Amino acid sequence: ETVHVAAGNYATYQNRQLWITLLNMGKKVRTHGSSDSHGPVSNRGLTAVYAEKHYSTHIFNVIRSGDCTAGGVAIQMSIDDTPMGSVTSYAPGKTLLVRVEDFHVAHRKENTVYCLKVYTDKGLSYAREFDCAQVQTLALAVEDRMYYRVEITNESDNHTAALGNPIWLDK
């Protein structure tokens with residue numbers, strides 16, 4: 001696994017680059033947010049989780065599965081019924097579904113341009129700018145790729161606001 005500490009943090013940048021390299025080598029590596037600090041709670045190293053139950057064991061199980069987002073913006077992604085952090089087989093007719101909402105207060109900035117980006121092992125597959133006031137949804141036909149993943153970037157100050165875990169496609 002790799003760790004997303006905070007926007008603009010050099011270690012976060014290096015971890016992201018390592019993660020992308022490993023993904024493109026065919027490795028199944030997940031990412032999550034963590035500050036690894038042992039002090040007061042902060043808004044650094046955020047992980048966004050949608051959990052049916054608000055019990056720590058359930059939340060940690062969701063994080064372990066990879067169905068979570070590293071950073072301050074919540075991303076939900078699936079290929080048909082297969083969630084982030086999982087593996088599915090490739091077949092024509094499958095659909096990538098993405099939903100972006102729930103910006104952490106530290107990332108909810110007026111007059112800021114964000115970009116929803118979909119990446120595969122072949123590079124950038126889709127991009128659309130938006131502001132944080134609107135829920136973003138997307139449906140794309142799945143192509144024969146190693147994986148799909150989503151990033152949310154803050155285009156106004158050029159940093160990655162959130163990384164969604166991949167969905168890997170087995171051949």
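Predicted model: local features only at pLDDT ≥ 70, side-chain atom pairs only at ≥ 80, totals over all residues.
Figure 1. Residues are numbered from 1 along each chain as its sequence is written, and side-chain values use heavy atoms, with hydrogens and water left out.

**Figure 2. The aromatic cluster of F103, Y114 and F130.** These three residues, F103, Y114 and F130, form one aromatic cluster, and the structure as a whole holds three aromatic pairs. Rings of Phe, Tyr and Trp (its six-membered ring) pair if their centres lie within 6.5 Å, and planes under 30 degrees apart count as stacked, over 60 as edge-to-face and the rest as tilted. F103 and F130 make an edge-to-face pair, with 6.2 Å from centre to centre and 70° between the planes. Because F103 belongs to strand β8 (residues 95–103) and F130 to strand β10 (residues 123–130), this pair ties together parts that are 27 residues apart in sequence; helices (H or I, at least four residues) and strands (E, at least two) are DSSP runs, numbered from the N terminus. Both F103 and F130 are buried, F130 with a relative accessible area of 8%. The rings of Y114 and F130 have their centres 6.0 Å apart and their planes at 35°, so this pair is tilted. Since Y114 lies in strand β9 (residues 114–120) and F130 in strand β10, the pair ties together parts that are 16 residues apart in sequence.

**Figure 3. The salt bridge between D170 and K28.** The structure holds six salt bridges, each defined as a side-chain nitrogen of Lys or Arg within 4 Å of a carboxyl oxygen of Asp or Glu. In one of them D170 pairs with K28, and the closest N and O atoms are 3.9 Å apart. The two residues link distant parts of the chain, with D170 in strand β14 (residues 167–170) and K28 in the loop between α1 (10–24) and β2 (31–33), 142 residues apart. D170 counts as partly exposed at 36% relative accessibility, and K28 counts as partly exposed at 48%.

Figure 4. R99 forms a salt bridge with E101, in which the closest N and O atoms are 2.7 Å apart, and R99 counts as partly exposed at 33% relative accessibility. E155 forms a salt bridge with K117, with 3.6 Å between the closest N and O atoms. This pair links distant parts of the chain, because E155 sits in the loop between β12 (147–154) and β13 (159–164) and K117 in strand β9, 38 residues apart. E155 is partly exposed, with a relative accessible area of 34%, whereas K117 is buried, with a relative accessible area of 15%.

**Figure 5. The protein chain as the setting of the close-up views.** The protein chain has two helices and 14 strands, and buried residues make up 43% of its 171 residues. Among the contacts (heavy atoms within 4.5 Å) with a separation of 6 or more, 62% are between residues 24 or more positions apart.

Technical notes
Buried < 20%, exposed > 50% of the residue type's maximum accessible area, 1.4 Å probe, protein only.
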